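Hello,

Here is the structure for you to take over. Please look through it first; notes on what was found follow below.

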Amino acid sequence: MSNTPMAASPLTRAVLEIDEYVSGLGWDQPARLFALVDTARLRDQEPALAAQLGLEDESASTGLTPIEQDEIPSGKPLDEFLGTIAWPDAVTGCALSVERLMLPPSAEAQVPENLSEARLTRWVAEHPERQEVRMTVAVLRDGGRESALRLREKDTATEVLTGPDLVPGLAEALAATFED
């Protein structure tokens, strides 16, 4: 958590920690899923795992600890994959980091009609105003949400935008993984 602001909420710190970790892996990465667990509870209930994660120190026992999950299957659409997830009670929240292309709102009027999904994807990829963005979105069981957005062209920790409602659709999909 070297670049995360200590005054931020535990959820914001977790999102920024994940963003920093994924940023260190470079761009063109697959989507990555994380469980968020209460650090103090992890330390008490799983001391060996806490030690392996470097959380033995009591000062590191507040907040949330992101734990990366197995790789997301590449051949399955993300929304379908998220629909298969069920979290154990020990998981306080979850987060997903994913890269996408985005267009400015002004490009909406330029979208050709009746394009198949594949052709629309190609059209967006070739659009001169496209931006590559990495979105890290986290939700908690209690409804808390946080997001971090990083543009490839402004790829520095000081240019990461955070807020609870930056990617509402993805936050909803993640929140649904906690529904019975």
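**Salt bridges**

R152 is partly exposed, with a relative accessible area of 31%. E132 has 31% relative accessibility and is also partly exposed. (Buried is under 20% relative accessible area, exposed is over 50%, and partly exposed is in between, with a 1.4 Å probe and protein chains only.)

The model is predicted, so local features need pLDDT of at least 70 and side-chain atom pairs pLDDT 80 or more, while totals for chains, interfaces and linings use all residues. Numbering runs from 1 along each chain as its sequence is written, and side-chain values use heavy atoms, without hydrogens or water.

R152 and E132 form a salt bridge, with the closest N and O atoms 2.8 Å apart. R152 sits in the loop between β5 and β6 (161–163), E132 in strand β4, and 20 residues separate them. (Helices are DSSP runs of H or I with at least four residues, strands runs of E with at least two, numbered from the N terminus.)

The search of the whole structure gave 7 salt bridges. (A salt bridge puts a side-chain nitrogen of Lys or Arg within 4 Å of a carboxyl oxygen of Asp or Glu.)

R145 pairs with E172, and here the closest N and O atoms are 2.6 Å apart. R145 is in strand β5 and E172 in helix α6, so this bridge ties together parts 27 residues apart in sequence. R145 is partly exposed at 24% relative accessibility. E172 is partly exposed too, at 46%. Elsewhere, D19, R150 and D155 belong to one network, joined by salt bridges that share partners.

**Nonpolar cores**

The largest nonpolar core holds 27 residues. L33, I72, L82, W87, L96, L170 and L174 have the most contacts inside it. Five elements each supply at least two of its residues: β1 (32–38), α4 (78–82), β3 (93–102), β4 (131–140) and α6 (168–176). The largest share, 4 residues, comes from β4. (A core is a set of buried Ala, Val, Leu, Ile, Met, Phe, Trp, Tyr and Cys residues joined through side-chain atoms within 4.5 Å.)

L82 shows some of the packing. Beyond its neighbours within four places in sequence, L82 is in contact with L170, A173, L174 and T177. Another core of 14 residues lies apart from the largest one, with V15, L16, V22 and A138 among its members. (Contact means heavy atoms within 4.5 Å.)

**Largest pocket**

The largest pocket has a volume of about 690 Å³. Its lining has 23 residues, and V98, E99, R100, L101 and T121 lie nearest the centre. The elements giving two or more lining residues are β3, α5 (117–126) and β4. β3 provides the largest share, 5 residues. By class, the lining has 14 nonpolar, 3 polar and 6 charged residues. (A pocket is an open set of points on a 1 Å grid over the protein atoms alone, where a 1.4 Å probe fits, with protein on both sides within 12 Å along at least five of seven lines; lining residues have an atom within 4 Å of a point. Volume is the space filled by probe spheres set on the points, which are joined across faces, edges and corners. Ala, Val, Leu, Ile, Met, Phe, Trp, Tyr, Cys and Pro are nonpolar, Asp, Glu, Lys and Arg charged, the others, Gly among them, polar.)

A125 is in helix α5. A125 is partly exposed, at 33% relative accessibility. Leaving out residues up to four places away in sequence, A125 touches L101 and R130. A125 and L103 are 22 residues apart in sequence, and their C-alpha atoms are 9.5 Å apart.

**Positive phi**

Most residues other than glycine have a negative phi. D28 has a positive phi, near 65°. D28 is in the loop between α1 and β1, and is exposed at 57% relative accessible area. N114 has a positive phi too, near 60°. N114 lies in the loop between β3 and α5, and is exposed at 79%.

Best wishes
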